[in-house]
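Colleague: Please take me through this model feature by feature. Start each time with the general idea, then show me the case.

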Amino acid sequence: MRGRGMKLFAAMLLICIVYNTRVSAQEAEVAPTPPMGWNSWNHFRNKVEDATIRAQADAMVSSGMRDAGYVYVNIDDTWQGERDATGVIHPNSKFPDMKALADYVHSKGLKLGIYSSPGAKTCAKFEGSLGHEEQDAKTYAAWGVDYLKYDLCGLREQMKAAPSPEAAHQIMVDAYIKMRDALRRTGRPIVYSLCQYGNDAVWRWGRDVGGNLWRTTGDISDRYASMSQIGFSQAGLARFAGPGHWNDPDMLEVGNGGMNTEEYRTHMSLWAILAAPLLAGNDLQTMTPETLSLLTNREVIAIDQDKAGEQGDRVWVEGPIEIWVRRLADRSKAVGVFNRHPSPMTTSVDFSKLGFSAPVHATDVWLNKDLGAISAPYRVEIPGHGVVLLRVKQ
Ligand code: GLA
């Protein structure tokens with residue numbers, strides 16, 4: 001009896017190990033660091049078509065963004081047309097040939113992303129995947145899709161009809177698992193991006209349903225109030241993220257015109273400390289050199305993409321002044337000193353309170369300036385709504 005018990009235990013352990021290794025392999029393959037790319041929604045909304053995607057892919061290469069690490073070109077909502085008699089989804093007239101579009105994007109050394117919903121309809125009331133998950137996953141794989149954003153929207157109808165909050169939650173979890181399994185069965189590596197606005201503390205279960213990233217909040221808009229509310233509300237979520245599975249505080253608004261340079265610098269710095277996906281949301285064809293330099297600052301991207309994959313967190317707050325710290329693979333730390341007040345503020349950063357003993361060696365990331373060895377608390381002046389971003393090592 002004892003021998004049989006041991007065998008059963010060993011078999012179960014093996015199943016667990018195999019399962020976990022498979023999950024980690026998918027995660028390590030598609031999202032070892034937070035995905036970087038571009039998405040059509042923030043700027044183009046429903047005015048996205050084949051030509052838009054090709055032009056953005058071209059601009060991603062010619063601007064140098066691809067070489068800075070931006071890879072995914074993601075079509076958001078409004079590409080969907082009708083299903084045919086066999087249930088296969090077809091794009092609408094804005095996208096005459098999805099396979100040809102994917103080939104084009106791939107020929108540029110980029111990857112293609114697409115969007116659907118577990119409900120019958122998407123948020124923009126286009127066709128969702130409900131009841132067609134297996135078929136849709138196969139179609140995406142056949143087109144050459146590399147990334148799927150799966151947006152709850154229409155499924156809320158089913159959830160509202162559920163007898164209890166627990167039953168509603170289960171409907172959502174089952175729907176995300178269903179698409180995860182369908183995507184895996186295609187055999188194509190596809191990034192799986194969950195979008196359900198942070199409901200039911202998705203960070204606690206997003207990884208278990210196969211998410212490589214999950215939106216932690218409602219939609220961002222191109223205003224400081226929106227971006228900062230979302231970004232600074234991420235405190236405490238760090239422990240749920242890691243290589244292959246990331247918290248997603250939504251796409252970038254950098255360059256869309258609704259914030260000033262200091263505010264966009266805050267956006268980039270905070271997203272980098274948060275190990276957030278960096279999905280540009282502006283028109284790459286018409287962006288200014290300043291927007292490009294904000295999006296492609298190598299040191300900021302290096303922080304975001306740091307291979308240890310440890311999300312940073314808030315360590316200190318004094319009214320509108322917040323200090324956020326992210327540990328990096330080389331044992332240095334990214335230190336963001338943020339000012340949420342609209343006018344400038346000064347503060348002193350006491351590195352001994354951030355786990356360092358004097359002296360430290362610091363660089364000002366945005367100024368690209370070596371600050372040398374610092375022994376005393378370091379006095380910084382932070383512009384209104386701005387940030388001083390440091391990389392500090394012992
Ligand atoms: C939701 C999502 C957005 C976008 C739109 C498209 O609002 O949160 O990111 O995908 O749907 O309709």
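The talk below goes from the sheet to helices, rings, cysteines and backbone.

Modeller: Ground rules come before features. This is a predicted model, where local features need pLDDT of at least 70 and side-chain atom pairs count only at pLDDT 80 or more, while totals for chains, interfaces and linings use all residues. Residues are numbered from 1 along each chain as its sequence is written, and side-chain values use heavy atoms, with hydrogens and water left out.

Colleague: What is the strand order of the open sheet of 6 strands?

Modeller: Strands of a sheet pair through backbone hydrogen bonds, either parallel or antiparallel. Here the order is E11-E12-E13-E18-E15-E16, with antiparallel pairing. As for terms, helices (H or I, at least four residues) and strands (E, at least two) are DSSP runs, numbered from the N terminus. Two strands pair if DSSP finds at least two bridges between them. Axes are lines fitted to C-alpha atoms, for helices over the stretch in contact, and angles run from 0 to 180 degrees between N-to-C directions.

Colleague: How many bridges join E13 to E18, and how many join E15 to E18?

Modeller: Strand E13 (residues 333-339) has 6 bridges to E18, running antiparallel. Strand E15 (residues 360-364) has 4 bridges to E18, also antiparallel. Leu 390 in E18 stands opposite Val 335, and Asp 364 stands opposite Leu 390 too. Val 388 in E18 stands opposite Val 337.

Colleague: Is strand E18 mostly covered or uncovered?

Modeller: Mostly covered: 6 of the 7 residues of E18 (387-393) are buried. Buried means under 20% relative accessible area, exposed over 50%, partly exposed in between (1.4 Å probe, protein chains only).

Colleague: Which strands does helix H10 lie across?

Modeller: Helix H10 (residues 261-273) lies across strand E12 (321-327), E13 and E18, at about 140° to E13. H10 is also among the partners of helix H11: the buried residues of H11 pack against helix H4 (65-68), H10, strand E10 (278-280) and helix H12 (298-304). Contact means heavy atoms within 4.5 Å. In H11 (residues 289-296), Thr 291, Leu 294, Leu 295 and Thr 296 are buried.

Colleague: How many aromatic pairs does the structure hold?

Modeller: A pair of aromatic rings is described by the distance of the centres and the angle of the planes. Rings of Phe, Tyr and Trp (its six-membered ring) pair if their centres lie within 6.5 Å; planes under 30 degrees apart count as stacked, over 60 as edge-to-face and the rest as tilted. This structure holds 11 pairs. In one of them, Tyr 140 and Trp 143 have ring centres 6.3 Å apart and planes at 40°, so the pair is tilted. Both residues lie in helix H6 (residues 133-143), 3 residues apart, about one turn of the helix. Tyr 140 and Trp 143 are both buried. Phe 351 and Phe 356 form an edge-to-face pair, 6.4 Å centre to centre with 80° between the planes. Both of these Phe residues are buried.

Colleague: Which residues do ring pairs link into a cluster?

Modeller: Trp 79, Tyr 140 and Trp 143.

Colleague: Which cysteines does a disulfide join?

Modeller: A disulfide is a covalent bond between the sulfur atoms of two cysteines. The cut-off for the pair of sulfur atoms is within 2.5 Å. A search of the whole structure finds 1 disulfide. Cys 123 is joined to Cys 153, S to S 1.8 Å. Cys 123 sits in the loop between strand E5 (111-116) and H6, and Cys 153 in the loop between strand E6 (147-151) and helix H7 (156-160), so the pair ties together parts that are 30 residues apart in sequence. The torsion about their S-S bond is about 110°, so the disulfide is right-handed.

Colleague: Where is the cis peptide bond?

Modeller: Most residues other than glycine have a negative phi, and most peptide bonds are trans. The bond from Ala 358 to Pro 359 is cis, with omega near -5°. Ala 275 has a positive phi of about 50° although it is not a glycine.
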